[in-house]
Amino acid sequence: MNNTKYETKPIEIWPKMKELRRWHFKHTWETAAKGGTVIMGMPEALLGFLAGLGDYAYPSYGPYFTRMIKDVSATIECLETVEAHGHTKDMCSVMRVYIGQLYMGLATKSPQGSTIKPKFIFQVTNCHTMAQTGQLFSDYLGIPYLSIDLPYKSTPQARKYVVNQLLEGIEWMEKVTGKKYDDEKLIEGVKTEWKVEWLWAAIQMQTQNIPSPYDLRNTWSLRMPLLSMRERPETLQYLEALYDETKWRVANQISARGMERMRLFFEGFPPYYYIQILKQPEQYGCIYVINENNLGHGLWDIRPDGTYLVGQPLEKTGLPIRNREEAIEAEVELAFHRGRTSTWYSAPRHHEVVKRAKDWKCEAGVIALDRGCHGYQVSIMESKKALQEAGFPVGTFEHSQSDPREFSEAQTVDRMESFFESLGLEKLAGCGPEKAEADE
Amino acid sequence: MDALTKLQNIVANRHEYAQNWKRRNNGKVAGVFCIYVPEEILHALGILSVRVFGSREPDDVTEPYITSWWCAHCRGSMAEVLKGKYSYIEGLVYAVSCPHIFQVYNSWARQKGIEYAYDFSVPENSCNNFALDFLSAEFGDFAHSVEAWLGKKLDKEVFSQSVELFNRNRQLLEEIYALRKSDNPPISGSESMEVVMAGMSMDKAEHTQLLQQLLAELPGRAVPHHRARLMLLGSENDDVGMVKFIESYGGLVVTDDLCVGSRYFGGGPIALDSDLLKATATRYLNRPHCPQKDIVERRRIPRILQQIQDYRVQGVIYLLEKFCEPHAYDLPTIKAELDKKGITFLILETDLTTPVGQFRTRVEAFMDLIEAKVS
């Protein structure tokens, strides 16, 4: 057990992350007011592609997810609305919160009360529930649906398939929006996205250091601008600053929480309405340091043995980006170099999770068994077995990431405390859980 | 012995059948998940493909491998695997549809050291303009993979013969289903499900012969008096017992939209083109889809409405497998469409075991409702 005490400092770039997140949603209403293009969906896998739309905005499947999730009563009202419309509780809980907003008339309503009509739904089918949510929104709002199949295997035909869909999708979007698609902006968007993804992977790799400059609670929020606006120059500036700060923190042994008695992995999604669970190990002088979902962003070269290495910067790949076709090909290449968090990429998870635990120098960890996300649960029990077989103690708890009715705070905290104690840890004086400092 | 009894016996003893087939043919058996696996390719390479079904028994063995909120089909299938019921299977093939099945496929391959396991993508947006080329290439890779496993090449002529056989088989199943359009169908819903299930569990040529015999035997046969003509919709469902249960209260299932039913053989024949892989992919893309593959254009609803009209359906029962997301998404939309047409509708949420008392009350009330409407 490492009892070294490290210096810790607030993350200087943190306010910028918050600012970008606020801007993302504000931008939706500003774009709508200006008559710009607003779309709906969860297009995170292909943001560079959408850059060609120009100054467009998208509020996912509704702008109030974070607000809802911070208010348990509002979340429950939302979920019950979905059930009153005939859906079951077994569907993805995140999607149910979005669908609830749709049925409650909130998904397209601004804080000032005006209503927008998105031009179309854009959805990538790397998650089966998102694909069906797109269909549902399209039907309900009476707007067209552009769905892009993203196969889970990186094969020549898969790349060609996605490229062809995107090229055709450009013409489709021009017809639907009545606006010309801007190839120059596409090219810039893809180049920016590539750099951003490279930077994020490089930053994540720095968390392998002892002490880690960040814990999982930090990186969970620090990644948020990548989720929603990865193709924008503001995000690139943010990532460049974050990268510099990360290198400085590592060089100066600045720790996330001051102690790393034990480094722990946390696999699966945390309950969003109880995000402070990611800080629970702090009471024991420990940190959660890695999670598969955080590697879902980033440009990775994933080796057959499960090792994650930072992928090639664009200039080293030899990929030219001089026109629409080349930009789309690069965008698709990038999509196949992200972490394997897709619903369908389950086969190697059980050995990747072990390699990841070793590479991030973990001694044990927790798996969140999430009733609210079926896709991410594929192979989760095999991962647990593989980790245990490799000698890692694993604690588990059940929850649903966006349905607080399926979570017991008291039981979960108690269960995790028992697990930490079983690792030979005891609570340390002066180390208490703090309120989560950021939204999800 | 009549053909129907033979087919029912094969369903009841499918594991023994497959083991006997192996002995007789000195061949290999592949377990297939979902209806998008092109079984024609396996057949042409001499493999018996059998659809993986689960048991409808309380499960106490699967939780170390899959979570308890996986659907009954998956937990039941995994339980059968862990209990050694599928020990004769050398190969596994999964055409990707839902994540639950993917987990069973992976766990099976990992825990049981299977000789050959292969999975591939099937377009979710099956009506996009590039889906055909992609699926054709996926089928091509799959064929090469099986060739590498067996160490032999897919012979074009043999492949063509397999396609013809499967076409004939599907056509016969269509003909049997069509007999159920009559006022007094010669075959019940549960029997029809067994006929389809047998085809998923046995040699296709033998099944085809039995279907021909069945078609010759069915005229003149009649099922007992029924109170209402029903259609079943829903998740993966191989629970013959549930269909029998429904029919025991006076409902007669005359058609279905199930993957162990009309979705399996529907969609027309494979054209015997020079590019047989592409022709095969065309058929698989145009087949009746499950909700997972029914975006962007909803093709499922018009088909269901057409079946309701063709089979003069009076009531629809949606067998919604607990934890099945794709169908949970579609359920309100389907219900709304049927409500518009005035079709009486019942949802039964199914799991590994059936709450008989509760379901009996609901099914009986459903029958009363239909009768009241009709009168």
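This is a predicted model: local features need pLDDT of at least 70, side-chain atom pairs count only at pLDDT 80 or more; totals for chains, interfaces and linings use all residues.
View 1. B:Val296 sits in the loop between α12 and α13 (300-310) of chain B; helices (H or I, at least four residues) and strands (E, at least two) are DSSP runs, numbered from the N terminus. Residues are numbered from 1 along each chain as its sequence is written, chains are lettered from A and ligands numbered from 1 in written order, and side-chain values use heavy atoms, without hydrogens or water.

**View 2. A cis proline in chain A.** Here the peptide bond to look for runs from A:Ile210 to A:Pro211: it is cis, with omega near 0°. A:Pro211 belongs to the loop between α8 (183-206) and α9 (216-222) of chain A.

**View 3. Two positive phi values in chain A.** A:Ser60 isn't a glycine, yet its phi is positive, near 55°. You'll find A:Ser60 in the loop between α2 (47-50) and α3 (65-70) of chain A. With 8% relative accessibility, A:Ser60 counts as buried (buried is under 20% relative accessible area, exposed over 50%, partly exposed in between; 1.4 Å probe, protein chains only). A:Gln253, another residue other than glycine, has a positive phi near 50°. The loop between α11 (233-251) and β4 (254-255) of chain A holds A:Gln253, and this residue is partly exposed, with a relative accessible area of 40%.

**View 4. A buried aspartate and a buried threonine.** A:Asp359 is part of helix α14 (residues 349-359) of chain A. Despite its charge, A:Asp359 is buried, at 18% relative accessible area. Leaving out residues up to four places away in sequence, A:Asp359 touches A:Gln208 and A:Thr307 (contact means heavy atoms within 4.5 Å). Over in helix α3 of chain A is A:Thr66, buried too at 17% relative accessibility. From A:Thr66 to A:Thr31 there are 35 residues in sequence and 21 Å in space, C-alpha to C-alpha.

**View 5. Nonpolar cores.** The largest nonpolar core has 192 residues (a core being buried Ala, Val, Leu, Ile, Met, Phe, Trp, Tyr and Cys residues joined through side-chain atoms within 4.5 Å). A:Phe49, A:Phe122, B:Phe142 and B:Ile246 have the most contacts inside it. Helix α6 (residues 131-150) of chain B supplies the largest share of this core, eight residues. Apart from this core lies another, of 64 residues, with A:Met95, A:Phe137, A:Leu264 and A:Ile277 among them. Zoom in on B:Ile246 and, again skipping residues up to four places away in sequence, its contacts include B:Leu230, B:Leu232, B:Gly251, B:Ile317 and B:Met367.

**View 6. Helix α6 against helix α12 in chain B.** The axes of α6(B) and α12(B) (residues 276-286) come within 8 Å and cross at roughly 120°; axes are lines fitted to C-alpha atoms over the stretch in contact, with angles from 0 to 180 degrees between N-to-C directions. That makes α6(B) oblique to α12(B) (under 35 degrees is roughly parallel, over 145 roughly antiparallel, 65 to 115 roughly perpendicular, the rest oblique). On the α6(B) side, the contact includes B:Leu132, B:Leu135 and B:Phe139. On the α12(B) side, B:Leu277, B:Ala281 and B:Leu285 are among the residues taking part.
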